[in-house]
Amino acid sequence: MSFKIGMMKVSAVGAALGLCLVWAGPAGAGEGDAARVAESIHWLGHDAVRIDAEEGVIYIDPWKLGDRPKKADLVLITHDHGDHCSPEDVETVMQEGTEIVTVAAAERKLQGLPVRTVAPGDAVTVRGVPVEAVPAYNVNKFRSPGVPYHPKEAGYVGFVITVGGVRVYHAGDTDVIPAMKGIQADIALVPVSGTYVMTVEEAVEAVEIIRPRLAVPMHVGRGIGSLEDAERFRELSPVPVRVLPME
Ligand SMILES: [Zn+2]
């Protein structure tokens, strides 16, 4: 028992050191691995993606999935807004053993489902997939004077997951925030629509900070933002961009 406790202490110290020492930049996966994982990412419009990873089928913010979507092993939901946390869509991808990771605000909408809640800064491994919850909030997008659409205090998140040895960042609904300096990602999915989230120019700033091998624009294509924003992001980005076809 004492051995186990000792190991836990060592790993906790390691994790703390890791947090202190991280800096922005490509996370270090080989180019081939990053390219292979990029091929497994399916953009389903807006912020909804499905990753057909070697660890299993992972959805992030499933919304407007249509008929008979592929079943999920893991579902990640960044926050409780209806275009990200859609109980009907989550129901359609559930199968035996599917696990859901989300924030407390969204858990309330998913009563009766197997939900694990996280807060910004948490790291968990679910279904063999390391999942880090990172902050996501507005600094300059307001619902009314002084009231952001996504307040920092709400505890909304983005995710950095590791699949096939590649770190994939899904930013959630956010502006450019200081925490991005500490995000290491090989592939970064970033919102570009403006209004509720980063504008194209701000998304460019975000990838300048994070420096992924590949950036993928999102938060467009389902009535919010336009596909032209995605193209403009591709033109302006300092890192390679892939505009995925909307499935
Ligand atoms: Zn939102």
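This is a predicted model: local features need pLDDT of at least 70, side-chain atom pairs count only at pLDDT 80 or more; totals for chains, interfaces and linings use all residues.

User: How many helices and strands does the chain have?
Analyst: Counting those runs along the chain gives two totals. The chain contains 6 helices and 14 strands.

User: In what order do the strands of the open sheet of 6 strands lie?
Analyst: The pairing in this open sheet is mixed. Its neighbouring strands are turned by 20° against each other on average, direction ignored. The order is 1-2-3-4-5-6.

User: Why is one side of strand 1 and of strand 6 left without a neighbour in the sheet?
Analyst: Strand 1 (41–43) and strand 6 (115–117) are at the edges of the sheet. One side of each lacks a neighbour because each has a single partner strand.

User: Which residue of strand 6 is the bridge partner of Thr102?
Analyst: Strand 5 covers residues 99–102 and pairs with strand 6 in the parallel sense, over 3 bridges. Within strand 6, the bridge partner of Thr102 is Thr117.

User: Is Ser226 buried, exposed or partly exposed?
Analyst: Ser226 sits in the loop between strand 14 (214–218) and helix 6 (227–236). A residue is buried at 20 or more other C-beta atoms within 10 Å and exposed at 12 or fewer. Ser226 has 13, so Ser226 is partly exposed.

User: What percentage of the residues of the chain count as buried?
Analyst: The chain has 247 residues. The part that counts as buried is 45%.

Definitions and conventions: Residues are numbered from 1 along each chain as its sequence is written. Helices (H or I, at least four residues) and strands (E, at least two) are DSSP runs, numbered from the N terminus. Two strands pair if DSSP finds at least two bridges between them. Axes are lines fitted to C-alpha atoms, for helices over the stretch in contact, and angles run from 0 to 180 degrees between N-to-C directions.
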